[in-house]
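Please keep the sequence and the model in view while reading.

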Protein chains: 2
Amino acid sequence: MAKLNSNYDKLAAGYLFPEIARRAKAFASAHPSVKILRMGIGDTTEPLTPTIVKGLHERVDLLANRATYTGYGDSEGELPLREAIAADYATRGSTVNADEIFVSDGAKPDTGNIQTIFSEDAIVAVQDPAYPVYVDTNVIAGRAGNFDASRGLYERIVYMPCNEDNGFFPSVPSGKADIIYLCSPNNPTGNVATREQLTAFVAYARQHRAVILFDAAYRDYIKDPTLPRSIYEIEGARECAIEFYSFSKGAGFTGVRLGWCVIPKTLVLEDGDIGKTHRLWTRRQNTYFNGASNIVQAGALAALTPAGKAECQATIDYYMQNAALIRSTLQDLHIRCFGGDNAPYVWLKTPGNMKSWDFFDKLLSEAHVVGTPGSGFGPSGEGYFRLSSFGHRENIEAALQSVRQNLKL
Amino acid sequence: MAKLNSNYDKLAAGYLFPEIARRAKAFASAHPSVKILRMGIGDTTEPLTPTIVKGLHERVDLLANRATYTGYGDSEGELPLREAIAADYATRGSTVNADEIFVSDGAKPDTGNIQTIFSEDAIVAVQDPAYPVYVDTNVIAGRAGNFDASRGLYERIVYMPCNEDNGFFPSVPSGKADIIYLCSPNNPTGNVATREQLTAFVAYARQHRAVILFDAAYRDYIKDPTLPRSIYEIEGARECAIEFYSFSKGAGFTGVRLGWCVIPKTLVLEDGDIGKTHRLWTRRQNTYFNGASNIVQAGALAALTPAGKAECQATIDYYMQNAALIRSTLQDLHIRCFGGDNAPYVWLKTPGNMKSWDFFDKLLSEAHVVGTPGSGFGPSGEGYFRLSSFGHRENIEAALQSVRQNLKL
């Protein structure tokens with residue numbers, strides 16, 4: 001008699017974005033004449049750049065030809081792409097070797113799957129608020145314990161609150177943590193960790209032989225050159241940190257799908273067996289994964305050429321101009337907001353200290369704008385709200401115009 | 001202090017295909033002038049067909065245009081593709097609804113990940129020999145118990161031997177099994193289950209509320225119209241079976257990556273909550289996966305058009321002519337062989353009852369041909385060997401010529 005994994009029953013709610021989609025759809029059904037303006041999901045809207053498009057077409061043509069067709073690639077990714085990624089790290093002075101890079105179909109699968117190579121009793125620490133995948137995958141794996149509905153948190157997860165008091169970046173855990181998720185630039189708060197802040201976490205991880213899972217999916221949005229774009233810019237991180245990157249936001253690959261993770265061979269865990277984490281992840285990927293699409297890998301390789309990088313930067317600049325418009329609108333309305341200067345997300349304090357989902361409903365019903373409730377990212381997100389700068393300029397402007405005109409403050 | 005998942009230490013050996021690659025590479029290094037002839041991995045060699053190539057190019061162009069660019073898709077896959085898959089099932093009289101289909105990046109990820117939605121104490125049954133992913137992923141999940149090296153098997157796995165005596169398809173388990181993996185056409189034996197054989201398994205599963213995980217990755221190689229191409233051709237299967245398909249072998253997508261799985265909403269497990277398995281997999285995919293590449297999905301949709309299907313069939317016929325050549329060569333050499341008539345794999349009994357890896361080394365050193373040792377697929381594969389019909393005709397002919405001339409029998 002087959003039984004299902006009972007840990008799924010411990011998941012507190014449906015995954016955030018389907019729930020948002022459900023409410024937006026319900027509103028649209030009830031108000032068919034209303035045009036809904038979307039600033040919710042961080043979904044790219046601008047086209048793939050010419051260099052990337054050329055790379056994709058060329059690879060399709062190679063696959064159309066008997067002499068140049070290729071089948072299975074390495075599950076870790078194609079070597080030229082891994083070398084290009086390593087070279088990209090080198091431009092910032094970080095040491096990441098090609099054979100430490102694992103190409104994947106995105107940062108969501110990687111940040112979701114990575115916990116499977118750690119022990120079931122590991123203590124997990126997350127920034128609060130955080131991208132829901134970090135917590136949810138550990139709930140499913142049985143590491144989170146039960147959900148405490150009164151406090152809105154899981155009993156075995158170490159929450160590291162990020163709020164106005166600490167500038168939206170936490171201190172290192174006071175107690176024990178084995179696996180520490182950090183995301184910078186942060187989703188959802190838009191905050192970027194400083195070199196000093198990351199240095200403190202690397203010191204903690206080295207001291208306690210913890211592992212930092214560093215999600216750098218939004219690193220390309222950092223404009224300030226003094227802010228670290230990779231954990232490996234911090235000394236000692238190669239002993240304690242795994243890093244994730246996605247081409248989703250940097251190259252418009254949200255639907256095209258590509259990412260990578262780095263597991264340094266120098267990582268040291270409990271038993272001092274240097275390199276074991278790298279070997280386990282290799283085995284995991286060889287067993288569960290057959291590599292990212294070769295067509296898509298060619299597009300990513302094109303994105304890392306000088307021409308590709310320049311084109312992608314122009315798209316990023318476009319989104320960041322949207323972010324500036326969002327910030328200035330909110331400031332004009334005297335709504336306190338954060339982020340949006342080195343990240344595509346603007347994090348706002350709800351007016352009148354409303355609950356996040358109440359503000360979601362208010363914003364939708366009054367201004368017809370869909371955003372993302374902060375509480376969907378964790379208990380410390382309550383009373384906050386995320387606006388995304390991804391969108392066509394005219395749509396962002398229309399949404400902001402509607403907020404100015406229709407939101408009752 | 002972070003610890004690693006100790007179940008990885010229970011894995012008996014490196015994943016089969018990397019080990020084959022390692023030995024082939026070592027031989028090549030020691031004999032640099034020798035050309036190695038490959039009949040090992042089931043890797044496609046013929047180009048993508050014109051209709052598929054057109055579908056891929058068109059989607060890339062849509063993504064290059066601001067008006068037609070799209071970002072995140074549904075993690076379950078694009079609706080037109082799911083509808084085309086459902087329509088394809090209908091042509092064979094099977095009922096599979098579009099919302100029961102989950103598009104993925106391949107059958108390996110799906111058959112690897114599916115076990116995560118079942119309870120940790122489930123008893124797993126596999127055909128022996130079997131595709132290694134079924135067992136290995138359950139070892140990593142902790143369901144397999146320890147490896148018994150003397151018998152070459154895991155203590156908690158129910159092995160269902162497939163050998164000459166039972167025509168390479170097993171009887172239903174005599175004891176308890178909760179999760180039953182079946183692969184037809186079979187990798188590695190090339191055997192195809194009959195309607196009667198599958199009917200017996202469906203009856204067992206319904207009686208015991210077990211679930212059948214039916215891997216149909218090679219279904220397009222079935223020529224005999226009386227053989228079932230899908231478990232859903234068997235009455236009652238919608239209550240107890242999940243099915244997997246891959247475009248890898250049917251459309252040459254080994255490197256391009258696409259597959260699907262079907263979870264009927266009518267599936268009934270332990271607690272009689274009909275639809276729960278479907279909901280759990282939906283949640284799993286929403287949490288861990290962001291959908292298959294939209295470019296690749298367009299290629300798959302093209303593959304399912306009448307023109308696409310006809311072109312893919314021509315490629316399949318080409319590989320099956322290779323299979324016929326392999327069979328006739330082995331028969332001329334009085335080597336007993338099986339499969340290869342409705343499947344791309346030929347399964348041979350090693351001459352003189354050699355051990356599989358010994359025959360691997362002999363075939364490599366004498367004929368310079370790489371094949372796949374049967375024992376790599378499970379204890380009942382010992383003394384057998386798999387040859388793959390994937391390859392350019394001239395390479396298959398050269399390999400067979402070398403076997404005829406150089407293998408010392």
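The model is predicted: local features need pLDDT of at least 70 and side-chain atom pairs count only at pLDDT 80 or more, whereas totals for chains, interfaces and linings use all residues. Residues are numbered from 1 along each chain as its sequence is written, and chains are lettered from A and ligands numbered from 1 in the order in which they are written.

The contact between the chains involves 69 residues of chain B and 69 residues of chain A; two residues are in contact if their C-beta atoms, placed from the backbone, lie within 7 Å. On the side of chain B that touches chain A, at least two residues come from each of α2 (50-63), α4 (107-113), α5 (132-140), α8 (276-288) and α9 (294-303) of chain B. Helices (H or I, at least four residues) and strands (E, at least two) are DSSP runs, numbered from the N terminus. The element that gives the most to this side is α8(B), with seven residues. By class, the side of chain B that touches chain A comprises 32 nonpolar, 24 polar and 13 charged residues. Here Ala, Val, Leu, Ile, Met, Phe, Trp, Tyr, Cys and Pro count as nonpolar, Asp, Glu, Lys and Arg as charged, and the others, Gly among them, as polar.

Within chain A, the domain assignment gives domain 1 (13-47 + 308-406) and domain 2 (52-304); such bounds come from an automatic or database domain assignment. The C-alpha centres of domain 1 of chain A and domain 2 of chain A are 25 Å apart. Their contact takes 30 residues from domain 1 of chain A and 37 residues from domain 2 of chain A. On the side of domain 1 of chain A that touches domain 2 of chain A, α10 (306-332), β11 (337-339) and β12 (345-349) of chain A each supply at least two residues. The largest share of that side, six residues, belongs to α10(A). By class, this side of domain 1 of chain A has 13 nonpolar, 13 polar and four charged residues.

Chain A also holds an open sheet of four strands in the order β11-β12-β15-β14, with antiparallel pairing. Two strands pair if DSSP finds at least two bridges between them. At the edges stand β11 and β14 (372-373) of chain A, each with a single partner strand, so one side of each is left without a neighbour in the sheet. Two bridges join β14(A) to strand β15 (residues 384-388) of chain A in the antiparallel sense, and A:Thr372 stands opposite A:Arg386 in β15(A).

In chain B, strand β10 (residues 259-262) pairs with two strands described here. Strand β2 (residues 101-104) of chain B runs antiparallel to β10(B) and is joined to it by four bridges; B:Ser104 has B:Gly259 as its bridge partner. Strand β9 (residues 241-246) of chain B also pairs with β10(B) in the antiparallel sense over four bridges, and B:Tyr245 stands opposite B:Trp260. In a regular strand the side chains alternate between the two faces of the sheet. From β10(B), B:Gly259 and B:Cys261 point one way and B:Trp260 and B:Val262 the other way, and all are buried. A residue is buried if 20 or more other C-beta atoms lie within 10 Å of its own, exposed if 12 or fewer, and partly exposed in between, with C-beta atoms placed from the backbone.

Helix α11 (residues 356-367) of chain B has twelve residues and reaches 16 Å from its first C-alpha to its last, close to the 16 Å expected at 1.5 Å a residue; the expected span is 1.5 Å times one less than the number of residues. Its buried residues are B:Ser356, B:Phe359, B:Phe360, B:Leu363, B:Leu364 and B:Ala367. Seen down the axis of α11(B), these fall within an arc of 130°, so they line one face of the helix; the arc is that of the directions from the helix axis to the C-beta atoms. Their cover includes α1 (16-30) and α12 (393-406) of chain B. Just after α11(B), B:His368 takes a positive phi of about 65°.

Most residues other than glycine have a negative phi, and most peptide bonds are trans. In chain B, a cis peptide bond joins B:Asp128 and B:Pro129, with omega about 5°.
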